[in-house]
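Thanks, everyone. Today I would like to walk through one model with you, beginning with the ligand site and ending with a single helix.

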Amino acid sequence: MSTIVVVGGGIGGLATALFLAPRGHLVTILDRDPAEVPADAAAAWSAWPRKGVPQFRHIHLFNARGRNLLRDEAPGVLAALRAAGAGEIRLGEVDDDDLVRLTCRRTTYEMVLRRAVLSDPTVRFVGSTQVVGLLVKGRRVAGVRTAAGVDVPADVVVDASGRRSQVATWLTAAGLRPPACDEHAEATVSYTRWYRLRSEPAAALLRADLGYAVGVVAPADDGMFCVTFGCLAADPVMAMVRRNTAFDAAVAAIPALAEWTTPDRATVESDARTMADRSNRLVRLVVDGEPVAGGLVLLGDSAVCTNPGYGRGVGLALVHARALAEVLATVGDDPAVLTPAFEACTRAELEPWYHAAVASDRVRSAISARVVAGEAWASIGAAGDDPAVRFARGAPHAAERDPVVRRALHRAFQLLDPPSTYWGNPEIGARVEEVWRELEGHAPPPAGPDHAAMGRLLAASG
Ligand SMILES: Cc1cc2nc3c(=O)[nH]c(=O)nc-3n(C[C@H](O)[C@H](O)[C@H](O)COP(=O)(O)OP(=O)(O)OC[C@H]3O[C@@H](n4cnc5c(N)ncnc54)[C@H](O)[C@@H]3O)c2cc1C
């Protein structure tokens, strides 16, 4: 049994308690935001103060890997999510209970997870408590210090403080080496607006590719759904959708999106929201073969952060927390052993998703930049183009026509199989190429106006 102090009670911190507390560990979660849990999903959406999670009220879709982990290890949480209104979208055959993703607002998801953790009397959740530093003995982290000057000792400190983790600053301030950090950020941005269906239970999940931007309809719970555009930050045309009137004009110009947002079908529930940080980041505590400190582990986004556009972070944080339980059971909490052992697990389980995100971002940004520069959508991925661009252009069409590609795509996007089973898999590549070669020249048109036309339309939108 170990005393575990977790910095951050978001998804990773809560999952740490969910998987460690039943195994006898004494878990204390410290979060900078208040500890009170809202009464219901409506209150969580409208009034839960969660400044520590800037993406709290942005698009979230919950991948099958995370959903299956709850199904197998915390079935009560999955049942509570369903009871709170979460939907399930089956991506495979009717009897495939693995390829199923969850749909609800992040606010609802976190409320249910928080309640489940708080129902365990052995877990302490301390709100309104910001961690500002580490307690260090030699090269061992032995606890944390709060902004109120309180020292909280621990056998193991779990940094689950998210994509803006200050752990590098804390280590340096304690006289230790900072972690190694790889970062890859294409300058992309997303714009989101929320809606509620007037009478139907849930919107469909769909994706509309314009070349210079991708628009999605993302269903959630209680009839709520959002429309989100992902695009280049430097695109002056799509930057206009920050304004509500321009957002509405953009949606109206894309038939697949517009059919969900018409006033007779849905009400508007938010202004257009911008989220600019879509970077990929990989942080390693083992530098030059040595842990910079023992007794500390990085979990969730503070260790591996991937572009939110792929919807991986929540599932990865759950997987990571479950892995920590396993590593603790295997090697114990000896600080010199635990930190490198957990880091090895991070390398094996999470790091491939970082590299996949970086590679996909490069291709997608290159495609968008070419379309913004005026290249015709039809020529993107034409014969002789970069094979990665051809694959990206052809794969969605191949997935519609070839069940082998469809299954590989879904299983990789839902984190059920490693990225290499899809990206760079020679068999999948050949199948995509076969479909794309047939379609060339008469491929389906983009989902809405071209870049120049969208520019004129948004400029005129007031
Ligand atoms: C715009 C956007 C959309 C996303 N969409 C999806 C999606 O569709 N699907 C998906 O799976 N993932 C998505 N993600 C990623 C997902 O939100 C994260 O991967 C997930 O929340 C990671 O959990 P975490 O516990 O690492 O961090 P978080 O959930 O961010 O939690 C961090 C916690 O730490 C607390 N904290 C921070 N600093 C301190 C401190 N010093 N002291 C005490 N407490 C502190 C915060 O208050 C917070 O509670 C999205 C991310 C963004 C930015």
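How far does a backbone N or O atom of Gly10 lie from an oxygen atom of the ligand? The distance is 3.4 Å, which falls under the definition of a polar contact, a pair of N or O atoms within 3.5 Å. Please keep in mind that this is a predicted model, in which local features need pLDDT of at least 70 and side-chain atom pairs count only at pLDDT 80 or more, whereas totals for chains, interfaces and linings use all residues. Residues are numbered from 1 along each chain as its sequence is written, and side-chain values use heavy atoms, with hydrogens and water left out.

An oxygen atom of the ligand also sits 2.8 Å from an N or O atom in the side chain of His60, and a polar backbone atom of Gly311 is 3.3 Å from a ligand oxygen. Taken alone, the ligand exposes 1000 Å², of which the protein buries 96% (Shrake-Rupley areas, 1.4 Å probe). The ligand is surrounded by 35 residues, each with a heavy atom within 4 Å of it, and they divide into 12 nonpolar, 15 polar and 8 charged.

Turning to helix α4, residues 75-83 (helices being DSSP runs of H or I, at least four residues), we find Val77, Leu78 and Leu81 buried, that is, under 20% relative accessible area with a 1.4 Å probe, protein chains only. Seen down the axis, the buried residues of α4 fall within an arc of 100 degrees, taken from the directions from the axis to the C-beta atoms, so they line one face of the helix. On the other side of α4, Gly76 and Ala83 are exposed, meaning over 50%.

Methods:
A polar contact is a pair of N or O atoms within 3.5 Å; within protein, one must be able to donate a hydrogen and the other to accept it, and residues adjacent in sequence count only if both atoms are side-chain atoms. Ala, Val, Leu, Ile, Met, Phe, Trp, Tyr, Cys and Pro count as nonpolar, Asp, Glu, Lys and Arg as charged, and the others, Gly among them, as polar. Helices (H or I, at least four residues) and strands (E, at least two) are DSSP runs, numbered from the N terminus.
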